[in-house]
Amino acid sequence: MILRTLFIFVLLLLPFPDLAPGPSCEVGGKESSSGMFYTLGDFGKAPKFDIHIHINTPQEYFMAVSRKDNFRFLDIVDDRPFGVPMKEQQRLAIIHLKANPNLMRFATTFPVDDWNQPHWVDSTIARLSRSFEAGAKAVKIWKNIGMDLRDSSGTFIMVDNPRIDTVLQFLEKRKIPLIGHNGEPRDCWLPLDKMTFNQGYYSAHPEYHMYLHPEYPSYEDQIRARDHMLEKHPALQFMGAHLGSLEWSLEELAKRLEAFPNMRVDLTRIPNLKLHTLKNRDYTRQFFIKYQDRLIYGTDNAINTTEAPDELKKAVHEKWERDWEFFTTDNRINLPEYGNLYGLKLPREVVDKIYLKNALAFLGWTDSESGK
Ligand SMILES: [Zn+2]
């Protein structure tokens, strides 16, 4: 009896092998890549996809590093009021697509500067049709809807506006997926001392710090409008950019993934994911395993014209490799200002989904080429 109790006690002490941060995996870098887990050394070999890239240049350096690191990617055109204008972003996307058809796809968008004209719906659908003919495989809807655009009486236009429904019905019918950047990180509506990662940005840009502008729609207004839009369009294939703007709570994100079966999110808020891991690694890891079909790797890298191509390639490569280390190994990783955490070491089949299969399925990219 004593022996049996002792045996159970010892069993309880044993770490659950998949969940506990084990020793550093550095030796694993040389391991065979045929096991249950990838290693750091598999980074270059595994075919991967970055679902959130902005190409703002005719230069091809980014394509070179993508090929070398075995990444395909989605170039996202959006309606930013700064930098390279939307039309030019799209012109560049089409040129790059023609030169690199096995490496990339692009997502188009639409302007709203003529929103208050009666023809807006028709002209938007006509514009989108032309973009699909030119090769666009997805549509991006940006945060200017919800945070900037107003009707002629000055009321904010939210993403669940009935005029947008007509455009979304058109996308559903054409089976074109939608990428939604709706709202901002919750930090934007919090005082500086309550923010997780964005104190620097919002203290430099008080004009974008919504905590200081209570006359604008609230964080909850943004999330509610996005959820309402998805309720009205259950057949729409949707990807919420930046963890669906629910980066601060995996519980809140899980509620939406349960409620909307055609919703996915991209993982372009890696510091938040590291913070979740630091606070509760088991919970975060189980979240990834449970929603492995709904999470898509991406960086939100903006690729600008450069005089220093080697630096650009190095920065892109190092970010990709750091993220791979976080998802595939249990190495100790430092999150500045917070502390150390252990990588998630997700099972290989989960990594294959978040790093490739989910992106290809979302974009309807059916060939099996590795993109080389
Ligand atoms: Zn972006």
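Mentor: Let's take the sheet, the core, a helix pair and a hairpin in turn. This is a predicted model, so local features need pLDDT of at least 70 and side-chain atom pairs count only at pLDDT 80 or more, while totals for chains, interfaces and linings use all residues. Residues are numbered from 1 along each chain as its sequence is written.

Trainee: Okay, what order do the nine strands of the open sheet come in?

Mentor: The order is 8-7-6-5-4-3-2-1-9, with parallel pairing. Strands here are DSSP E runs of at least two residues and helices are H or I runs of at least four, numbered from the N terminus; two strands pair if DSSP finds at least two bridges between them.

Trainee: And which strands sit at the edges?

Mentor: Strand 8 (295-296) and strand 9 (301-303), each pairing on one side only.

Trainee: How about strand 1, how many of its eight residues are buried?

Mentor: Seven, so strand 1 (residues 48-55) is largely enclosed by the rest of the structure. Buried means 20 or more other C-beta atoms within 10 Å of the residue's own, exposed means 12 or fewer, and partly exposed is in between, with C-beta atoms placed from the backbone. Strand 1 is joined to strand 2 by four bridges in the parallel sense, and Phe49 faces Arg72 of strand 2.

Trainee: What's opposite isoleucine 76?

Mentor: Alanine 107 in strand 3. Strand 2 (residues 71-76) and strand 3 (residues 104-108) are parallel too, with four bridges.

Trainee: Switching to the core: which residues have the most contacts inside the largest one?

Mentor: Leu74, Ala107, Val139 and Ile296, in a nonpolar core of 75 residues. Helix 14 (residues 348-363) gives the largest share of this core, eight residues. A nonpolar core is a set of buried Ala, Val, Leu, Ile, Met, Phe, Trp, Tyr and Cys residues joined through C-beta atoms within 7 Å.

Trainee: Now helix 2 and helix 13, at what angle do they pack?

Mentor: About 40 degrees, with axes 10 Å apart, for helix 2 (residues 61-68) and helix 13 (residues 309-328). Axes are lines fitted to C-alpha atoms over the stretch in contact, and angles run from 0 to 180 degrees between N-to-C directions.

Trainee: Last one, how many residues lie between strand 10 and strand 11 in the hairpin?

Mentor: Three, and Glu337 in the turn has a positive phi of about 75 degrees. Strand 10 (residues 332-335) and strand 11 (residues 339-342) run antiparallel, joined by four bridges, with Ile333 bridged to Leu341.
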